[in-house]
Amino acid sequence: MSGLAVRRLSGALGAEIQGVDIAGDIDNIAIATMRNALSEHCILLFRDQKITPAQHIAFTERFGPLQELTLGSYLHADHPEIFVVSNKPVAGKPSDTRNTGRHWHTDMCYTPHPCRGSLLYALEVPPVGGDTVFANMQRAFDTLSDGMRAMIENLRAVHDLSRVPDFKNRDPEATRKIVADNPPVEQPLVWVHPDSGRKSLLLSEHITCRLAGMSDEESKPLIDYLIAHATRIKNTYRHQWRAGDLIFWDNRSVMHCAPGDYDMSDTANRRHMHRTTLAGPKDLLGTTA
Ligand code: OGA
Ligand code: MN
């Protein structure tokens, strides 16, 4: 495919892929180029896309099998492969996904098999704000001291979904089910990227509640330090969305956060996104804590 260009977005991570129409025919060479660019830059941005849910799903499948999503009430009615991140009321009630991702997190770190990545497509965005920020977790690991890397490399951490602060604002029944379906899990604190062999930190604010074998209180200073280190401004890329943007992130090398930096009291400020999710490999070690 001619005309594909890769343009970096920030010093820390991210690249825009130019010259690709996701709704059109894309050859395997272009897909391989994108796969390599994702491994190198951690997130890919595609601008000015006009895609249907079916085209969004078909493009995602070029990179691997989709994750089966279980959060019934958050999914697209006709395409359960799509998770709807939206502040549009659902059946007259505030949507449960209006505050998705308000803290720094790695998607599905609270499951035995965290997903490989996600493709988030913006259909409607507020005129100002509604950004998403990404942090490079490989760079975060690489820029720790030798001593710290050696100390943490073989640690494991416990991830507990019930700690998500926003759950208190959501539908209690749906939240109870999500928590019951996802008991705490233990994962390596440092995981190795299967494509590049690079190491990164597997963390989420709030959800990563302790290091295996230690108390929450003992673990907190180290977890807080690693998250603060990883999310220093120079280690991030902040995306200001335009309708028609699609961002593909590699969930094994980034954390992300939606700061909610727009006026949610103004109901004219719509933020409506569709997300597909790539299933993680079943061989990533993970055990129920
Ligand atoms: C997600 C997520 C953040 C956003 O979809 O996993 O965290 O900016 N979204 O909508
Ligand atoms: Mn997320």
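**View 1. Just after helix H1, Cys-42 takes a positive phi of about 75 degrees.** Helices (H or I, at least four residues) and strands (E, at least two) are DSSP runs numbered from the N terminus. Welcome to a predicted model, where local features need pLDDT of at least 70 and side-chain atom pairs count only at pLDDT 80 or more, while totals for chains, interfaces and linings use all residues. Residues are numbered from 1 along each chain as its sequence is written, chains are lettered from A and ligands numbered from 1 in the order in which they are written, and side-chain values use heavy atoms, leaving out hydrogens and water.

**View 2. Here is helix H1 from end to end, residues 28-41.** At the start of H1, a side-chain oxygen of Asp-27 comes within 3.2 Å of the backbone nitrogen of Ile-29.

**View 3. Now look at the buried residues of H1, among them Ile-31, Met-34 and Leu-38.** Buried means under 20% relative accessible area (1.4 Å probe, protein chains only). Their cover includes strand S1 (5-8), helix H2 (53-61) and strand S13 (246-250), counting contacts as heavy atoms within 4.5 Å.

**View 4. Finally, meet ligand 1 and its surroundings, including Val-85, Asp-107, Trp-249 and Arg-271.** These residues each have a heavy atom within 4 Å of the ligand. Polar side-chain atoms of His-105 and His-256 each lie 3.1 Å from an oxygen atom of ligand 1, and one of Thr-132 lies 2.5 Å from an oxygen atom of ligand 1.

Technical notes
The expected span of a helix is 1.5 Å times one less than its number of residues. Buried means under 20% relative accessible area, exposed over 50%, partly exposed in between (1.4 Å probe, protein chains only). A polar contact is a pair of N or O atoms within 3.5 Å; within protein, one must be able to donate a hydrogen and the other to accept it, and residues adjacent in sequence count only if both atoms are side-chain atoms.
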